[in-house]
Every structure is written in structure tokens, then in C-alpha cells.
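Please examine the model displayed below. The paragraphs after it follow the fold from its helices to its core, its salt bridges and its surface.

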Amino acid sequence: MNSERPGPAQLELERFLPYRLSVLSNRLSAAIARLYAERFSLGMTEWRVMAVLGRYPDLSASEVTGRTAMDKVAVSRAVARLIDAEWLQRSPHADDRRRSVLRLSEAGHAVYDEVAPMALAFEQRLFGDIGPAQLDRLFALLDRLDALNIEAEAEAESEPDADADADAEPASDRASGAAK
């Protein structure tokens, strides 16, 4: 029996970039997480928050969310766990007392200073015999993809046609029998 069914175009996952990047990201994240999970009881989300704040101190939780593209609830929980573990400090923003900023504590820096070299060594092993020119091209392509306004394009594709909606009678008007 043929498992391929006729109909709309079939999604060829092996050539579908979002799928490939997601799977690759999950595999890499899981592999690298094994390096620090047991030793520090540190999850992937917590490490990502620490990695961002190790590179860019004094960010708000919202800014960390933006830099990691992670869910804001996941970031908030990770921040809370890191503060409880005394690896992060929260303090008022210097110019805007309504905002708070996050930074690694001394203990957080000690963990970062151990995990970061492990992560870099993992990356070196991962790249193996990939040459500098290929790596430059890979990162140039990633930068180009990252610069795309992906979310705006996806939202524009999913929005109903504005012209068609302009001619439609609002549901509230139809329900109440209101005159136009």
C-alpha cells in the first residue's frame, strides 16, 4: 500500500529550514546540557540566561527574553531559580527605578567561568574539520537569516485580507440589527 496520499503539496521536512534548525538546535542543546546539568544542576534555560548575562550584564528579564527568543514565562522561571541559587542578582535600573536589571553574582560568575570554556570546547569538537572559510560562510548565512523580519512576515501571511474585511459588516452590527 502506498503511504503517500495525494493532495496538497507535501512538506519535505529534510529540506524545510525551520524543521531542520529546530531539530539541530534541540540535539545540540541536549548534548551541551549534559556538560553542565549534572555538575551544576543547571537546566538549558538557566544556562542560556546566564550565558546572555555573562556577555551582556545589566539587562532586564524582557531584554534577556528578546536576546534568547525564549518564552517570557520560561525566562522568568529561570531567573527566579537563578536568584534563589544566588547566581543572579536583581537591582533597580540606574535611570529608571521602575525597571530592574539582572547580572551574574560572584557565585554566578564562578559557574559561568567553568561552563563557558566547556561550551567553547564542545563547539570546537563540533566544528571538527570544518575550515575557517566555511565557518565564516555559515555565520554569515545565520546572520542573514537572523536579520530577516521573520515574525512580521509570518504574521502578515496569517492575517485575513484587510480589503475583504472592510466590506464585511461587523458581527456586532449584524447581531444588534444596527444601521450602518
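This is a predicted model: local features need pLDDT of at least 70, side-chain atom pairs count only at pLDDT 80 or more; totals for chains, interfaces and linings use all residues.

Residues are numbered from 1 along each chain as its sequence is written, and side-chain values use heavy atoms, with hydrogens and water left out.

The protein contains 9 helices and 2 strands, arranged along the sequence as α-α-α-α-β-β-α-α-α-α-α. Of its 180 residues, 22% are buried. Among contacts between residues at least 6 apart in sequence, 46% join residues at least 24 apart.

After H5 comes Gly128, with a positive phi near 45°.

Helix H2 (residues 44–55) has 12 residues and reaches 17 Å from its first C-alpha to its last, close to the expected 16 Å. Glu46, Trp47, Val49, Met50, Val52 and Leu53 are the buried residues of H2. They are covered by elements that include H1, helix H3 (61–68), helix H4 (72–84), strand S1 (88–92), strand S2 (100–104) and helix H5 (106–127). Val49 illustrates this setting: not counting residues up to four places away in sequence, Val49 touches Val64, Met70, Val75, Ala78, Val79, Leu82 and Leu88. Ser29 is buried, with a relative accessible area of 11%, and, leaving aside its neighbours within four places in sequence, is in contact with Met44 and Arg48.

In soluble globular proteins, nonpolar side chains tend to be buried together. A nonpolar core is a set of buried Ala, Val, Leu, Ile, Met, Phe, Trp, Tyr and Cys residues joined through side-chain atoms within 4.5 Å. The largest such core has 28 residues, of which Tyr36, Leu42, Trp47, Val49, Met50 and Leu53 touch the most other members. H1, H2, H4, S2 and H5 each supply at least two residues of this core, and the largest share, 6 residues, comes from H5.

How many salt bridges does a search of the whole structure find? The search finds 4, a salt bridge being a side-chain nitrogen of Lys or Arg within 4 Å of a carboxyl oxygen of Asp or Glu. In one of them, Arg81 pairs with Glu46, with the closest N and O atoms 2.3 Å apart. Arg81 lies in helix H4 and Glu46 in helix H2, so this pair ties together parts that are 35 residues apart in sequence. Arg81 is partly exposed at 43% relative accessible area, whereas Glu46 is buried at 9%.

Another salt bridge joins Asp58 and Arg103 (2.6 Å, N to O). Because Asp58 lies in the loop between H2 and H3 and Arg103 in strand S2, the pair ties together parts that are 45 residues apart in sequence. Asp58 also has a positive phi of about 65° although it is not a glycine. Glu86, in the loop between H4 and S1, likewise has a positive phi, near 65°, and counts as exposed at 58% relative accessibility.

Finally, the surface may be considered. The protein exposes about 13700 Å², of which carbon and sulfur atoms supply 52%; accessible areas come from the Shrake-Rupley method with a 1.4 Å probe, and for residues only the protein chains shown count as cover. Leu11, Leu13, Phe16, Tyr19 and Val23 make a nonpolar surface patch of about 400 Å². Patches are made of residues with over 30% relative accessible area and no salt bridge, with like charges joined within 9 Å and nonpolar side chains (Val, Leu, Ile, Met, Phe, Trp, Tyr) within 5 Å. Val23 lies in helix H1 (residues 17–40) and, at 31% relative accessibility, counts as partly exposed.

Conventions
Helices (H or I, at least four residues) and strands (E, at least two) are DSSP runs, numbered from the N terminus. Buried means under 20% relative accessible area, exposed over 50%, partly exposed in between (1.4 Å probe, protein chains only). The expected span of a helix is 1.5 Å times one less than its number of residues. Contact means heavy atoms within 4.5 Å.
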